[in-house]
Amino acid sequence: MEMKKLILFLGFFIVLPNSHMFSQEEREQKKEPPLFMDDSGDEDYSYLKNEETASEYERMFAQGLKFIPLGTNKNAYLTLGGQYRPRFESTLNENYTEEDDTYYSQRLNLHANLHLGKSIRVFADLFHGLTSGEGDRTLEDDELAFHQAYIEFTIPDKQNRFLLTFGRKQLDYGAGRLVSRRDGPNMRRSFDLFKVDYLFNSNAIEVFYGKEVQPEFDVFDNDFALFDSGSSDPSFWGIYTDFKVGKILGKTELYYLGFHSDFSSFSDLSGEETRHSIGIRRYGTLGKRMIFNTELVYQFGELGEATISAFNFEFDYKYVLIHTPWKPTFGLKFDYSSGDRDRGDDKLQTYSPLFVNPALYSLAAVNTPVNLNGLHPNFKIYPFKDFSIYMDYAFFFRSSREDGLYTPPRFQTRTADSGSSAYIGSAFGLKILYEINRNIEFEWRSTYFIAGDFVKESGESNNIFYTGPTLEFKF
């Protein structure tokens with residue numbers, strides 16, 4: 001049944017209007033419509049309100065859904081859109097065992113963005129996730145759920161703005177190394193929250209408090225837990241700033257993030273956890289060729305009766321040969337996450353990635369940045385427009401031999417005393433991305449993970465191969 005759906009889906013796109021079908025003259029005379037955003041609620045199609053400004057842009061697929069006026073003055077309007085994402089995934093030797101896992105999955109989401117004048121906006125995003133085979137898969141299967149549903153109030157302040165947001169919303173901060181939407185599985189991550197934003201001169205300050213939404217499998221059963229004092233969902237709060245200082249190259253992010261869970265487990269310790277993270281991130285470009293990202297995080301708090309003192313830092317640099325065919329990009333990334341130094345004491349040095357995007361550490365999400373350090377040389381080329389090939393080879397080590405091995409999001413799968421080596425393994429990653437047109441994108445990710453000495457010492461140690469071709473249609 002799922003294969004029939006995929007065939008029909010591919011057939012539909014054969015006749016789908018392609019943005020590249022416009023003549024060269026038309027493309028030179030007209031602006032391209034805005035790109036799709038990672039968060040559909042951030043997309044702005046208000047230019048369609050005026051026929052004169054709308055005529056300056058190329059006409060997009062399903063344009064009639066992007067600005068539906070709800071009155072003669074057009075101050076109130078509705079934007080509709082959605083996504084369909086079929087994917088085939090196969091993992092050989094999952095979790096280093098001899099077990100293989102192959103299945104088809106699809107994600108369907110529809111969203112509505114209601115603008116009521118300049119001050120009120122209501123956004124809702126419905127998600128449906130389905131996989132082949134028997135039984136439900138966590139984060140993959142969900143009959144129907146509100147991924148996002150919030151109301152936003154805008155208070156203008158001269159050239160600046162205050163935004164007040166209440167409801168269910170996804171969060172993405174920085175490079176996704178502490179807070180991300182988790183786009184790999186069918187079900188993205190979101191929070192039930194209250195948030196205040198102050199936007200000024202291309203800078204931003206955000207203050208929020210929320211609870212992580214725990215996906216379930218049935219229809220509308222992901223309860224709103226913000227005011228539920230008996231809920232076991234992790235609590236999350238903080239202040240996040242993004243700003244530019246004078247003539248300093250690049251931008252700076254400073255943040256404080258608080259986290260509370262009724263139960264957490266790291267190293268040989270477990271219990272109620274309250275963890276605070278203070279971080280700084282510097283990112284941007286140096287000239288036209290160099291791209292940089294540097295981040296440092298320090299964490300403190302309590303886990304049960306133990307005190308927490310942990311840290312993480314990352315250096316990620318890329319150099320682009322802009323005048324060379326295919327624009328080759330050479331990159332080097334190093335990431336270090338601390339681990340517990342002494343089992344049996346009342347101190348914990350294990351870093352927690354909170355709500356990390358695990359694909360940052362290997363395309364197959366084999367590792368997570370807990371007691372982990374890795375070196376990632378990488379390379380990217382553009383053989384032709386809108387088509388890229390990315391390759392990396394990463395080496396992973398335990399930061400502390402007194403701490404174990406963890407997998408996403410932060411589960412310890414092998415304890416420290418199961419092996420003495422620090423070397424976890426290495427991984428070759430490949431990502432092919434083809435942006436066929438504005439609406440259709442094809443991506444193929446593959447990873448081959450070679451088990452290292454610690455994995456061999458601590459149990460089953462088969463090399464892991466993962467591949468996942470994905471087609472994505474947005475409108």
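Does Ser400 count as buried or exposed, and at what relative accessibility? What the close-ups show starts there. Counting as buried or exposed: which is it for Ser400? At 10% relative accessibility, Ser400 counts as buried (under 20% relative accessible area; exposed is over 50%, partly exposed in between; 1.4 Å probe, protein chains only).

This is a predicted model, where local features need pLDDT of at least 70, side-chain atom pairs count only at pLDDT 80 or more, and totals for chains, interfaces and linings use all residues. Residues are numbered from 1 along each chain as its sequence is written, and side-chain values use heavy atoms, with hydrogens and water left out.

**View 1. Ser400 sits in the loop between β17 (387-398) and β18 (405-407).** Strands here are DSSP runs (E, at least two residues), numbered from the N terminus. A polar side-chain atom of Ser400 lies 3.1 Å from the backbone nitrogen of Glu402. Beyond four places in sequence, Ser400 touches Gly339, Asp340, Arg341 and Asn371 (heavy atoms within 4.5 Å).

**View 2. Gln148 belongs to strand β5 (residues 142-157).** Gln148 counts as buried, at 1% relative accessibility. Its side chain reaches the backbone nitrogen of Gln170 at 3.1 Å.

**View 3. The largest nonpolar core has 17 residues, and Leu171, Leu178, Val179, Phe236, Leu257 and Leu354 touch the most other members.** Such a core is a set of buried Ala, Val, Leu, Ile, Met, Phe, Trp, Tyr and Cys residues joined through side-chain atoms within 4.5 Å. β7 (191-200), β9 (235-243) and β10 (251-266) each give it two or more residues, and β10 gives the most, with three.

Notes: Helices (H or I, at least four residues) and strands (E, at least two) are DSSP runs, numbered from the N terminus. A polar contact is a pair of N or O atoms within 3.5 Å; within protein, one must be able to donate a hydrogen and the other to accept it, and residues adjacent in sequence count only if both atoms are side-chain atoms.
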